[in-house]
Amino acid sequence: MTEGERFVGSLPRKADFHDGNKRRSYELTRRIAARLIDDPELVASGRSYLDRFVRPDPAQAHAYSLWNALLDQDISQIVRQMLEDSPKGELLRDTQPVFTVISSQGGKMAEMVGLQYRPTASPERRE
C-alpha cells in the first residue's frame with residue numbers, strides 16, 4: 001500500500017450517492033487523489049490542463065477560478081477537498097482537470113478524469 005493509498009484511506013469516505021455515475025466518479029477520484037499524494041508533480045499536469053482547455057472558455061470561468069486557487073494549496077488540502085462529502089467536493093469532482101490517466105483491468109481500458117469527459121457505459125461495467 002502506498003502513502004497516497006494510506007492517506008486517502010484515512011479520510012472519511014462518502015457512502016451516499018445519487019446514482020452509479022457519481023459513485024464511479026468518486027471512486028476514480030480516490031484513485032487519482034492517492035496518485036497525487038504519491039506524486040505531487042501531477043499537480044502541474046492538472047494546472048496545464050486548466051490553462052490550456054478551461055481558462056479560454058468563459059462558460060468554465062467559475063471552475064477555472066475554483067481549481068486555480070485550490071492547486072495553490074498543499075497537496076493534502078487539495079486531496080481533502082476533492083474527496084469532501086459536500087456540494088463543493090462534488091463540484092470539484094465534476095470539474096476536475098486531467099492529472100493522470102488511470103488504467104483499469106490490466107490496461108484494457110484507460111479512463112481519463114477531466115472536465116466534460118467521462119467514459120461511456122459498457123454492459124460489463126454496470127452496477
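Colleague: Which residues of helix 5 are the buried ones?

Modeller: This is a predicted model, so bear that in mind throughout. The buried residues of helix 5 are Ile 75, Ser 76, Ile 78, Val 79, Gln 81, Met 82 and Leu 83.

Colleague: And what makes helix 5 "mostly covered"?

Modeller: Helix 5 runs over residues 75–83, and seven of its nine residues are buried. The cover over those buried residues includes helix 1, helix 2, helix 3, helix 4 and helix 6.

Colleague: How does the rest of the chain look?

Modeller: The protein chain has six helices and two strands, in the order α-α-α-α-α-α-β-β along the sequence. Of its 127 residues, 42% are buried. Among contacts with a separation of 6 or more, 59% join residues 24 or more positions apart.

Colleague: Arg 30 is in helix 2. Why is Arg 30 called buried?

Modeller: Its relative accessible area is 13%, and buried means under 20%. So Arg 30 counts as buried. Leaving out residues up to four places away in sequence, Arg 30 touches Val 8, Gly 9, Arg 13 and Leu 83.

Colleague: What about Arg 55, then? Why is Arg 55 called exposed?

Modeller: Arg 55 has 52% relative accessibility, so it counts as exposed. Arg 55 is in the loop between helix 3 and helix 4. Setting aside neighbours within four places in sequence, Arg 55 is in contact with Leu 50 and Tyr 64. The C-alpha atoms of Arg 55 and Ser 65 are 8.6 Å apart, with the two residues ten apart along the chain.

Colleague: On to the rings. How many aromatic pairs does the structure hold?

Modeller: Three. One of them is Phe 17 with Tyr 26, at 5.5 Å centre to centre and 55° between the planes.

Colleague: Are Phe 17 and Tyr 26 buried or exposed?

Modeller: Buried: Phe 17 has a relative accessible area of 12%, and Tyr 26 is at 0%. With the cut-off at under 20%, both values qualify.

Colleague: Why is the pair of Tyr 49 and Phe 53 called tilted?

Modeller: Because the planes of Tyr 49 and Phe 53 are at 45°, with the ring centres 5.1 Å apart. Tyr 49 and Phe 53 are four residues apart in helix 3, so about one helical turn separates them. Their burial labels go like this: Tyr 49, at 17%, counts as buried, whereas Phe 53, at 44%, counts as partly exposed.

Colleague: How do you know that the charged end of Lys 14 sits over the ring of Phe 17?

Modeller: The charged end of Lys 14 is 5.2 Å from the centre of that ring. The distance limit is 6 Å, and the charge must also be within 35 degrees of the ring normal. Lys 14 counts as sitting over Phe 17.

Colleague: Last one: which residues line the largest cavity?

Modeller: Lys 14, Asp 16, Phe 17, His 18, Lys 22, Ser 25, Tyr 26, Glu 90, Arg 93 and Asp 94. Helix 2 and helix 6 are the elements giving two or more residues to that lining. The lining has two nonpolar, two polar and six charged residues.

Colleague: What volume does the largest cavity have?

Modeller: About 70 Å³. The search of the whole structure finds one cavity of 30 Å³ or more.

Terms used: Residues are numbered from 1 along each chain as its sequence is written. This is a predicted model: local features need pLDDT of at least 70, side-chain atom pairs count only at pLDDT 80 or more; totals for chains, interfaces and linings use all residues. Side-chain values use heavy atoms; hydrogens and water are left out. On a 1 Å grid over the protein atoms alone, a cavity is a set of points where a 1.4 Å probe fits but cannot get out, and a pocket is an open set with protein on both sides within 12 Å along at least five of seven lines; lining residues have an atom within 4 Å of a point. Grid points are joined across faces, edges and corners, and a volume is the space filled by probe spheres set on the points. Ala, Val, Leu, Ile, Met, Phe, Trp, Tyr, Cys and Pro count as nonpolar, Asp, Glu, Lys and Arg as charged, and the others, Gly among them, as polar. Rings of Phe, Tyr and Trp (its six-membered ring) pair if their centres lie within 6.5 Å; planes under 30 degrees apart count as stacked, over 60 as edge-to-face and the rest as tilted. Buried means under 20% relative accessible area, exposed over 50%, partly exposed in between (1.4 Å probe, protein chains only). Contact means heavy atoms within 4.5 Å.
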